[in-house]
Amino acid sequence: MTSQITLKRPDDWHLHLRDGNMLHAVLPSTATHFARAIIMPNLVPPVVTSADAAGYRDRILSALPEGSTFEPLMTLYLTEQTDPDDVAAAHASGLIKAVKLYPAGATTNSSSGVSHFDSVRPTLERMAEIGLPLCVHGEVTDSDIDIFDREAVFIDRVLDPIRRTTPGLRVVMEHITTSNAVEYARSQDDTLGATITTHHLVINRNHILAGGIKPHYYCLPVAKREEHRLALRDAATSGEARFFLGTDSAPHTDANKLLPCGCAGCFTAPNTMSILAQAFEEDGALDKLEGFTSLNGPAFYGLPVNEETITLTKGDPVTYPSHVETPDGPVTVFDPGFDLNWRVE
Ligand code: NCD
Ligand code: ZN
């Protein structure tokens, strides 16, 4: 029985670090285990220009623990006013590694996102030319579409048309939650990648709703039926290069999670690697963990694999603090609902 596993240092291809107090409180959780992360731009106000991204990058770097070599990979938030020249310059200088598409209103801080997809076509065409990936929050926002169907409908109505009209555009389907998304990703060429979160490998919609509502399991896209979770587990553990880790670790204070209209997001940064090792072991796929966390993402983004490694050891149950403290109040760490036996050394 394997009791130790050494991986190239992992990267997180979808991460919310926030800003100010929250940034300082949550950044160490990621920087401890991960070498790099794609940093989501949904701040208030959002990171829309290269100047915004440069400023945010500096704030992240200055919040890093002493001696940390963690590298934030910056993104721009696509709006209908985005200037393709600004995007191209930010890419050419190495400042940004992706542009993020939020359908307006789809999730936390997405009101500046896109309503008319035709209006961003010039930017998407420029991105296809220069090889800059588009990270996509794949949910429609129509009030008449059931929230559990919004990802599947987005693929048909928005994503597939964008792929057809913008050949060559590199696209990441982010935080996929359905077998529909897994199937679509598998039907496409290597210009399409898909990230999967830690929590969507672990919870289904019963975890949120059965036996009392669990706000800490509420995130967007919302977790779906068990058959979809199993499709995600199959994809993540398959070793296929198109699937890689994007935790979507999305910290909110407990006060903001527990409101009558609570925020969406699961904070998984502290214990993600332990949870993933447990899940991959359960599926007899520990040998596929490194691909998912450390190899497939860099390959998609055309970046080198990290030279450093991390080692996970199996032993007595490992505990993580249930909360991370911030000056604005505690942030609850995701509870996978089972014992964790894999410790990151
Ligand atoms: C994210 C957040 O809080 O910023 N929330 C979430 O539930 N995942 C936004 C997002 O990625 O959808
Ligand atoms: Zn996110």
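In which sense, left-handed or right-handed, does helix 3 pass helix 4? In this predicted model, the crossing of helix 3 with helix 4 is right-handed. Helix 3 spans residues 84–92 and helix 4 spans residues 121–130; their axes come within 9 Å and cross at roughly 25 degrees. Helix 3 is therefore roughly parallel to helix 4, since angles under 35 degrees fall into that class. On the side of helix 3, the contact involves Pro84, Asp85, Val87, Ala88 and His91, which meet Pro122, Thr123, Arg126, Met127 and Ile130 of helix 4. Sorted by class, the residues of this contact comprise six nonpolar, two polar and two charged.

A further helix pair is formed by helix 5 (residues 150–165) and helix 6 (residues 179–187). Their axes lie 9 Å apart, and the packing angle is about 20 degrees. Helix 5 is thus roughly parallel to helix 6. The crossing of these two helices is right-handed. Helix 5 contributes Glu151, Ala152, Ile155, Leu159, Asp160 and Arg163 to the contact, while helix 6 contributes Asn180, Ala181 and Tyr184. Five nonpolar residues, one polar residue and three charged residues make up the contact of helix 5 with helix 6.

The model also contains an open sheet of three strands, arranged in the order 1-10-13 with antiparallel pairing.

Strand 1 and strand 10 pair in the antiparallel sense over five bridges, and threonine 6 stands opposite threonine 311 in strand 10. Strand 10, which covers residues 309–314, is also paired with strand 13 in the antiparallel sense, over three bridges. Across this second pairing, leucine 312 is opposite valine 344 of strand 13, and threonine 313 has arginine 343 of strand 13 as its bridge partner.

The burial of helix 10 was also examined. Of the eleven residues of helix 10, nine are buried, so this helix is largely enclosed by the rest of the structure. The buried residues are Thr272, Met273, Ser274, Ile275, Leu276, Ala277, Gln278, Ala279 and Phe280. Glycine 284, which follows helix 10, has a positive phi, near 65 degrees.

Alanine 35 provides an example from a loop, lying between helix 1 (20–33) and strand 3 (36–39). Its relative accessibility is 13%. Because buried denotes a relative accessible area under 20%, alanine 35 counts as buried. When its neighbours within four places in sequence are left aside, alanine 35 is in contact with Arg9, Pro10, Asp11, Thr69, Phe70, Glu71 and Asn306. Alanine 35 and serine 68 are separated by 33 residues in sequence, and their C-alpha atoms are 9.2 Å apart in space.

Definitions and conventions
Residues numbered from 1 in each chain as written. Chains lettered and ligands numbered in written order. Predicted model: local features only at pLDDT ≥ 70, side-chain atom pairs only at ≥ 80, totals over all residues. Heavy atoms only, no water. Pairing = 2+ DSSP bridges. Helix = DSSP H or I, 4+ residues; strand = E, 2+ residues; numbered from the N terminus. Axes fitted to C-alpha atoms, helices over the stretch in contact; angles between N-to-C directions. Parallel < 35°, antiparallel > 145°, perpendicular 65-115°, else oblique. Left-handed = near helix turned anticlockwise from the far one by under 90°. Contact = heavy atoms within 4.5 Å. Nonpolar A, V, L, I, M, F, W, Y, C, P; charged D, E, K, R; others polar. Buried < 20%, exposed > 50% of the residue type's maximum accessible area, 1.4 Å probe, protein only.
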